[in-house]
Amino acid sequence: MPRQQNASVMPPAPEQGFVARLLHWFDDHGRHDLPWQHPRSPYRVWLSEIMLQQTQVATVIPYFHRFLQHFPTLPDLAAASNDAVMAQWAGLGYYARARNLHAAAKRCVAEHAGDLPHDFDALHDLPGIGRSTAGAILSQAWNDPFAILDGNVKRVLSRYHGVEGFPGLPAIEKQLWAIAEAQVAQVPAGRMADYTQAQMDLGATVCSRSRPACVICPLQADCVARREGRTAELPTAKPGKVLPEREAVALLLRDKQQRVLLQKRPDSGIWAQLWTLPQADAGSELQDWFDAHVDGSLEDAEELPVLQHTFSHYKLHLQVLSRQVHGLRVEEPTLRWVGAAELSALGLPAPIRKLLDGTPIKAPKRTSAKSRNHE
């Protein structure tokens with residue numbers, strides 16, 4: 001709910017500028033009860049900023065609470081195993097964020113006495129912390145005067161100032177950074193955390209990508225896009241690109257105890273460091289792997305419905321073959337049999353977890369296309 005406005009405080013006049021109007025709007029309409037704001041600590045702010053990269057607030061909140069239950073402090077996170085961290089991140093996507101978060105926590109313990117450094121260069125040097133994220137942490141955790149330039153802020157500034165060109169281009173981004181830093185100089189002392197949140201809130205709730213609510217925007221009087229009827233054109237869209245499509249094959253193998261065989265992915269690449277099904281780009285390649293590692297046969301393996309998953313740079317069509325086998329020919333650290341009760345403790349890609357959650361624990365059997373699709 002909007003906060004009760006003090007009748008003795010007049011709203012800023014339109015000519016008073018971007019910062020004053022935005023802060024006044026934030027006092028009444030901004031988000032003041034986000035979980036990382038109470039209490040507001042460097043660790044909680046950092047965690048929220050990493051989770052919020054390319055992810056909406058409503059999605060992040062339950063993950064944030066659950067993550068803190070398992071890793072309440074930065075040293076707790078640093079001391080955790082990779083599997084434990086990935087298990088709490090699984091489903092949030094963009095898993096490089098979790099790997100960088102974990103690596104940065106270890107660096108903080110080794111180099112900064114277990115605390116997040118209160119210094120821009122030291123923060124920026126940590127894995128996964130770019131220029132905007134470092135500014136967001138410093139401004140929200142310590143009220144330091146640093147600008148941010150996430151997607152919401154780029155959209156607000158592009159529309160307000162009429163900046164043309166795709167914001168992801170270096171020249172356009174440089175122009176937006178200059179504007180953002182000039183505005184930071186106008187923020188009153190002690191209000192930097194509010195101002196940072198206000199920018200993000202305005203972009204998320206008013207100056208949205210589609211159908212911006214210009215009639216209630218506190219900046220509408222001087223917004224170039226509003227004045228010129230160009231809100232649909234600004235910011236300039238990224239040049240169109242058709243995602244390539246790839247096909248792959250994976251194995252859903254169970255032993256006599258109905259445990260599933262999982263394989264840990266390498267430290268880099270798609271689904272890095274997560275546990276998933278053995279997978280290859282071609283059936284012949286997967287057959288060779290199976291013959292070398294598994295005691296059993298793929299004859300009469302059941303073909304499950306093709307899984308489709310879209311990554312940032314391609315679309316994957318994954319054909320899954322299901323079969324019960326005798327066991328492994330070769331024991332390797334990257335392979336393990338996992339019972340249903342153990343799955344929640346491991347980091348699994350969201351589509352693989354969904355597949356396993358919807359697959360009966362009993363031995364696979366052929367079902368009709370209709371029933372498989374329903375699952």
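This is a predicted model: local features need pLDDT of at least 70, side-chain atom pairs count only at pLDDT 80 or more; totals for chains, interfaces and linings use all residues.
Residues are numbered from 1 along each chain as its sequence is written, and side-chain values use heavy atoms, leaving out hydrogens and water.

Let's begin with helix α8, residues 131-142. Helices here are DSSP runs of H or I with at least four residues, strands are runs of E with at least two, and both are numbered from the N terminus. From first C-alpha to last, α8 reaches 16 Å, close to the 16 Å expected at 1.5 Å a residue; the expected span is 1.5 Å times one less than the number of residues. Of the 12 residues in α8, 10 are buried, meaning under 20% relative accessible area with a 1.4 Å probe and protein chains only. Among them are S132, I137, L138 and Q140. The cover over these buried residues includes α2, α7, α10 and α11. Just after the helix, N143 takes a positive phi of about 60°.

Next come the cavities. On a 1 Å grid over the protein atoms alone, a cavity is a set of points where a 1.4 Å probe fits but cannot get out, and lining residues have an atom within 4 Å of a point. Two cavities of 30 Å³ or more are counted, where a volume is the space filled by probe spheres set on the points, and grid points are joined across faces, edges and corners. Of its 15 lining residues, R159, C207, C214, C217 and C223 are the closest to its centre. Helix α9 gives the most to this lining, with three residues.

The second largest cavity has a volume of about 30 Å³. Its lining includes W271, H309 and P351, and the largest share, three residues, comes from β7.

Finally, the cores. In soluble globular proteins, nonpolar side chains tend to be buried together. A nonpolar core is a set of buried Ala, Val, Leu, Ile, Met, Phe, Trp, Tyr and Cys residues joined through side-chain atoms within 4.5 Å. In the largest core, of 60 residues, W46, F67 and L262 touch the most other members. A second, separate core of 34 residues includes L149, V163, M200 and V206.

Definitions and conventions
Buried means under 20% relative accessible area, exposed over 50%, partly exposed in between (1.4 Å probe, protein chains only). Contact means heavy atoms within 4.5 Å. On a 1 Å grid over the protein atoms alone, a cavity is a set of points where a 1.4 Å probe fits but cannot get out, and a pocket is an open set with protein on both sides within 12 Å along at least five of seven lines; lining residues have an atom within 4 Å of a point.
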